[in-house]
Amino acid sequence: MKLRTFKTEDVSGKRVIVRVDFNVPVKDGKVTDDNRIRAHASTISKLLAAGAKVALVSHFGRPKGKPVPEMSLSHVIPDVEKAYGAKVKFVDDCVSPKVREELDSMPQGGIMLLENVRFYDEEQKNDLEFAKKLAAPFEIFVMDAFSASHRADSSTSAIMTLLPSFAGDVLAREAEMLGAVSSTDAKKPYVLILGGAKVSDKIAVIENLMKKTSKILIGGGMAYTFLKAQGFTIGSSLCDSEKLDFARAMLENAKRSGVEVLLPVDNVVAPAFDTKSKGETNIIEGNIPDGLMGLDIGPKTCELFRKAIVDARTVLWNGPMGVFENPVFADGSIAVGKAVAECTASGGTTVVGGGDTAAAVIQFGLDDKMSHVSTGGGASLEFCEGKELPGMKPLKTA
Ligand code: ADP
Ligand code: MG
């Protein structure tokens, strides 16, 4: 999917407001992970190099429409200055007359950061009057907050009806890569890897993508609902009892459509999530007895999945294969991550979506071995479900 992006002449010398996502984790007033800030560096540096006057607008936390000092974006100033190599002027209210005054006195190629846009109740109501106040001092809007693009807010949606609008590099890349794996032209074999906790979270993705895929591999907590639907006992593993019928119908449907579904053939089982060592786990093929739960895919499944993944030309991975937060149950996700990396190395297009899956891939140090790791949890899921994202739709060109 292609979005309208800006050229130098579109923004040169202009007053540009950029919607970014600076909703970063902060502890004791310090940013603990600046990935989200650094992600926008390429968009920002292009704007600055073009001589634009740049103002950054973002949400931060959930202040519920009122100023909350702990949720002031002033906390991120040092990290923003470091990431973009530029001095940043902070304006403590995103819609005050000060914004215009500061813009007047700021040189071309200057940069300012506006206070948390969610200090106003109107923001999350996609209020047009509020968007007008936000847009008033500016000539151009650049949308770069992919992870907020599934929400219709004043700063992600209404503002685009008021200013000539363009996609920044983050948004454009997400649209391109998620678009590539959601398209009917996705190169085959196309392997969709699903995992994570709940079947219900992934139903819409399955329904949207099934016919475009060649194989669907199911691991993680959601696999046990499918195994139970096939008649296996699953002990105390996660089970979405209300989705057993869906699981049966989906398996039938896949068969009719010529899509192969691979389920775990062995599982790492233990009595509890917080099992402390591998010595307390067992690998079981087939039925899981009472009192034990499947918390990761087993070694035979890793090999089965690996074979399917390495030959793929397109891979989308959404949902970890086990409770990877506990190192005892991380092996399945690591094995699948390595197989996806192998696929990338041999020319496949590989995309990781979903907040926890992206965190897992980063934790394993495999993120730079994927074609793309999506920066938006909810937004990437909604994209893969085939929904139009309000922060992206008006920018689509093809
Ligand atoms: P994403 O955020 O990538 O979409 P999900 O939120 O759907 O992924 O799922 C992630 C969660 O699924 C993780 O917290 C992980 O611990 C959990 N999970 C994975 N496998 C299992 C399992 N076998 N039993 C219980 N929980 C699991
Ligand atoms: Mg999640």
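This is a predicted model: local features need pLDDT of at least 70, side-chain atom pairs count only at pLDDT 80 or more; totals for chains, interfaces and linings use all residues.
Me: Why is Thr281 called buried, and where in the chain is its place?
Reply: Thr281 is in the loop between β12 (266–270) and β13 (282–285). Its relative accessibility is 15%, and buried means under 20%, so Thr281 counts as buried.

Me: What makes the pair formed by Lys278 and the side chain of Thr281 a polar contact?
Reply: The backbone oxygen of Lys278 lies 2.7 Å from a polar atom of the Thr281 side chain, and the limit for a polar contact is 3.5 Å. Leaving aside residues up to four places away in sequence, Thr281 also touches Val268, Val269, Ala270, Thr275, Val328 and Phe329.

Me: Why is Asn267 called buried?
Reply: Asn267, whose place is in strand β12, has a relative accessible area of 1%; the word buried applies under 20%, and therefore Asn267 is buried.

Me: What does the side chain of Asn267 make a polar contact with, and which residues does Asn267 touch?
Reply: The partner is the side chain of Tyr224, at 2.7 Å, where the cut-off is 3.5 Å. Beyond four places in sequence, the residues that Asn267 touches include Tyr224, Leu227, Asn282, Ile283 and Asp296.

Me: How do you know that ligand 1 has polar atoms of the protein within 3.5 Å?
Reply: An oxygen atom of ligand 1 is 2.5 Å from an N or O atom in the side chain of Glu325, a nitrogen atom of the ligand is 3.0 Å from a polar backbone atom of Gly294, and an oxygen atom of the ligand is 3.4 Å from a polar backbone atom of Gly355. Each of these values can be set against the limit of 3.5 Å. Taken alone, ligand 1 exposes 580 Å², of which the protein buries 86%.

Me: Which elements and residues supply the shell around ligand 1?
Reply: There are 20 residues around ligand 1, and Lys202, Gly294, Glu325, Asp356 and Thr357 come nearest. At least two residues each come from β14 (293–297) and α13 (355–363), with α13 giving the most, namely three. The space that ligand 1 takes is the second largest pocket.

Me: Which residues of helix α14 are buried, and what covers them?
Reply: In α14 (residues 377–384), Ala379, Ser380, Leu381, Phe383 and Cys384 are buried. Their cover includes α7 (169–182), α8 (199–209), β15 (314–318) and β16 (349–353). After α14 comes Gly386, with a positive phi near 90 degrees.

Terms used
Residues are numbered from 1 along each chain as its sequence is written. Chains are lettered from A and ligands numbered from 1 in the order in which they are written. Side-chain values use heavy atoms; hydrogens and water are left out. Helices (H or I, at least four residues) and strands (E, at least two) are DSSP runs, numbered from the N terminus. Buried means under 20% relative accessible area, exposed over 50%, partly exposed in between (1.4 Å probe, protein chains only). A polar contact is a pair of N or O atoms within 3.5 Å; within protein, one must be able to donate a hydrogen and the other to accept it, and residues adjacent in sequence count only if both atoms are side-chain atoms. Contact means heavy atoms within 4.5 Å. A residue is near a molecule or strand if one of its heavy atoms lies within 4 Å of it. Accessible areas come from the Shrake-Rupley method with a 1.4 Å probe; for residues, only the protein chains shown count as cover. On a 1 Å grid over the protein atoms alone, a cavity is a set of points where a 1.4 Å probe fits but cannot get out, and a pocket is an open set with protein on both sides within 12 Å along at least five of seven lines; lining residues have an atom within 4 Å of a point. A molecule sits in a cavity or pocket if more than half of its atoms lie within 2 Å of its grid points.
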